[in-house]
Each structure stands twice: as C-alpha cells, then as structure tokens.
Amino acid sequence: MFLKGKTALITGSTSGIGLAYARALAREGARVMINGFGDADSIEAERMALEALNGDKALYDDADMAKPDAIAAMIERCHAELGGPDIAIMNAGIQHVCPIEDFPPDKWDAILAINLSSAFHVMRGAVPHMKKAGWGRIIATASAHSLTASPNKSAYVAAKHGIVGLVKTVALETATDGITVNAISPGYVWTPLVENQIPDTMKARKLTRDQVVNDVLLYAQPTKEFVTVEQVAALALFLCGEDARSITGANLSVDGGWTAQ
Ligand code: NAD
C-alpha cells in the first residue's frame, strides 16, 4: 500500500474512469474524496466500499464542477477532513455531439466550464497545499481528442486541447516543488459518457447503433477494442509513484494506437 497516508481528491468519480481511479488509489492505501453526480444510495455504497478497501476514511463531496466556489469549498473540506490533497485528479467531464451551426451556446459554456475551467480551479486550490507538503501528484484526464479532432465535438475537442496546455504550464510552475502534473489521454473507453453519445451520433451522422460503435468509435482505434477503465487507472497509479517523479508536463496516450495514425 504505497499511498498509505496520502489523500487523493478525484473529480467526477461517481462513475466510469473516475471511479476506477478512486478504487485503484484506495486499494494502495490512499484516503479518497470522491465527487460527481448520481443516485445517493449508490454513491454511499461506493463510498463505503472504498473505505473497506483500506480501512481508512473516504468522503463524497457533491460540488458542481461548473461552480468555482463549490470547487474551492470541496478542496478546503478535503484538507480539513482528510488532509492533503496530495493527489488531485481532474476527471469530471461531459460531452455533446452536434454540428457547429446548431451547437447550443449553453452546451459550449458547460463543457468548457466542467471539462476545462474546473481543472484550473482545482489546481489553483490544491497546489498551495502540495507546495507546503513538498509533494504532489496532479493528473488531468484529457482524451485522444486533446491531440486530434472528430467532427461534431467542437466544445469537447477545444476543452481537451486546452487542458493539455494548462497541464504543461502548471508542470513548469511546480517542477521544483516535488509536484508532477500530467495528462492521461484515453481513446474510447466503455463508460456511460460513450454510451450516452451514441444516440446523438446516430442522429448527427444518420447511422445505426452498430454502425456508430464499429464504424465511428472503434474505426479510430487500431486495436478494435475499447480501452478499459482499469487500464487508465493503472497508468494514474504509476504516475503517483516515486518512479514517475521525472514524468511531468506529459500527455500520455492510452488509446489503442488511435493517435499514432
Ligand atoms: P462518466 O460519464 O462515466 O463519468 C463522468 C463523471 O463526471 C461522473 O462521475 C459524473 O457525475 C461527473 N460529472 C459530470 N458533470 C459534473 C459536474 N458538473 N460536476 C461534478 N461532476 C460531474 O464518463 P467517463 O467516460 O468516465 O469520463 C471521465 C473523463 O474521461 C471525462 O473527462 C472524459 O472526457 C474523459 N474521457 C473519456 C473517454 C471515454 O471514452 N469514456 C475517453 C477519453 C476521455
């Protein structure tokens, strides 16, 4: 349990990749604060399951990543009740699939706020605690869409390209403080975020469900397999270790070869 005594704050961790991060870090001893939306009973069951993984405390905070004040309050609650945060993972994200001329401005604003600006607010709040501790690990879940584009995802692709610039900048600012800052860029991972965009993609491209899965999603991925949440979490766990001390400012792909093309 190499993360015993450390506290990890993970945004958007009630589901999908974020929940896999929380489980992987708790399994290695970290106290975790999870965040996100969903059914209250399921979230409480997951919080208790995380505590059972290492016998330490796990907390849930319902901060909306579109609200800077709620993000600041979540970080201070984490510090007061769990310590740290020593590890901050900015993972919350949403998607909307639509051609530019019909793209609703409120969806653009929400995607930029949740997928990009929330990472700024988390880092702004967490870095002072990490500097004081002389140790920190910051990870952003970016995407293959931080390196390449797909049609009908203007806001998402803009936010994901943006978060990599933010990661590089903060990596330079914290390079001598024992802190590393990196992005993980998964290809298509089978989670509710992917499942939910299938109907809109069917509509936007006039395709069947099978065509969307095979000809749109897995078309881009040379392995022809979805990435698993556990594979993404395993990379985050590695980044939290001492062997990863010299990896900072990087954007690491876990995309089945997508962006090698
Ligand atoms: P998901 O829908 O399973 O999880 C998203 C999480 O974010 C949930 O916990 C949800 O409650 C939370 N969330 C959404 N809006 C929020 C808000 N306003 N405030 C707080 N929490 C909020 O999706 P996922 O696929 O696990 O996505 C996680 C991250 O991975 C996202 O940033 C996504 O862009 C990125 N990503 C996903 C894939 C993929 O194929 N699934 C690929 C590349 C990158």
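Start with the largest pocket, which holds about 870 Å³ of space. On a 1 Å grid over the protein atoms alone, a pocket is an open set of points with protein on both sides within 12 Å along at least five of seven lines, and lining residues have an atom within 4 Å of a point. Grid points are joined across faces, edges and corners, and the volume is the space filled by probe spheres set on the points.

Before going on, note that this is a predicted model: local features need pLDDT of at least 70, side-chain atom pairs count only at pLDDT 80 or more, and totals for chains, interfaces and linings use all residues. Residues are numbered from 1 along each chain as its sequence is written, and side-chain values use heavy atoms, with hydrogens and water left out.

**Stop 1**

Select Asn91, Ala92, Gly93, Ile94 and Leu193. Of the 40 residues that line the largest pocket, these are the closest to its centre. Now colour α1 (16-27), α5 and α6 (192-205), each of which supplies at least two lining residues. Helices here are DSSP runs of H or I with at least four residues, strands are runs of E with at least two, and both are numbered from the N terminus. Which helix gives the most to the pocket lining? It is α6, with six residues.

**Stop 2: Asp200 on α6**

Stay on helix α6 and pick Asp200. Is Asp200 buried, partly exposed or exposed? Asp200 counts as partly exposed because its relative accessibility is 29%. Buried means under 20% relative accessible area, exposed over 50%, and partly exposed in between, with a 1.4 Å probe and protein chains only. Asp200 touches His96 and Val97, not counting residues up to four places away in sequence. Contact means heavy atoms within 4.5 Å. Next, draw a line from Asp200 to Arg137. They are 63 residues apart in sequence and 36 Å apart in space, C-alpha to C-alpha.

**Stop 3**

Move to Lys206, in the loop between α6 and α7 (209-217). Lys206 has a positive phi of about 55° although it is not a glycine. At 74% relative accessibility, Lys206 is exposed.

**Stop 4: the cavity**

The structure holds one cavity of 30 Å³ or more. A cavity is a set of grid points where a 1.4 Å probe fits but cannot get out. About 50 Å³ of space lies in the largest cavity. Select its lining: Thr11, Met90, Asn91, Ala92, Ile114, Asn115, Ser118, Ala119, Thr141, Lys160 and Ile163. The largest share, four residues, comes from α4.

**Stop 5: the cores**

Select Ile138 and Val181. They have the most contacts inside the largest nonpolar core, which has 39 residues. A nonpolar core is a set of buried Ala, Val, Leu, Ile, Met, Phe, Trp, Tyr and Cys residues joined through side-chain atoms within 4.5 Å. The elements giving two or more residues to this core are α3 (68-81), β4 (87-90), α4 (105-133), β5 (136-141), α5 (154-173) and β6 (179-186). Helix α4 gives the most, with 10 residues. Zoom in on Val181. Leaving out residues up to four places away in sequence, Val181 touches Met123, Ile138, Val167, Val170, Ala171, Thr174, Thr248, Gly249 and Ala250. Apart from this core lies another, of 32 residues, among them Ile10, Ala22, Ala26 and Val229.

**Stop 6: a parallel pair**

Show strands β2 (residues 31-35) and β3 (residues 58-61). Four bridges join them, and they run parallel. Two strands pair if DSSP finds at least two bridges between them. Find Asn35: its bridge partner in β3 is Asp61. Trace the chain from β2 through helix α2 (residues 40-54) to β3; this β-α-β crossover is right-handed. That is, with the strands pointing away from the viewer, the path from the first strand over the helix to the second runs clockwise.

**Stop 7: Gly36**

Pick Gly36, in the loop between β2 and α2. Gly36 is buried, with a relative accessible area of 8%. Beyond its neighbours within four places in sequence, Gly36 contacts Gly12, Thr14, Ile43, Tyr60, Asp61 and Asp62.

**Stop 8: backbone details**

Go to Pro85, in the loop between α3 and β4. A cis peptide bond joins Gly84 and Pro85, with omega about -5°. Finish at Asn152, in the loop between β5 and α5. Its phi is near 75°, a positive value in a residue other than glycine.
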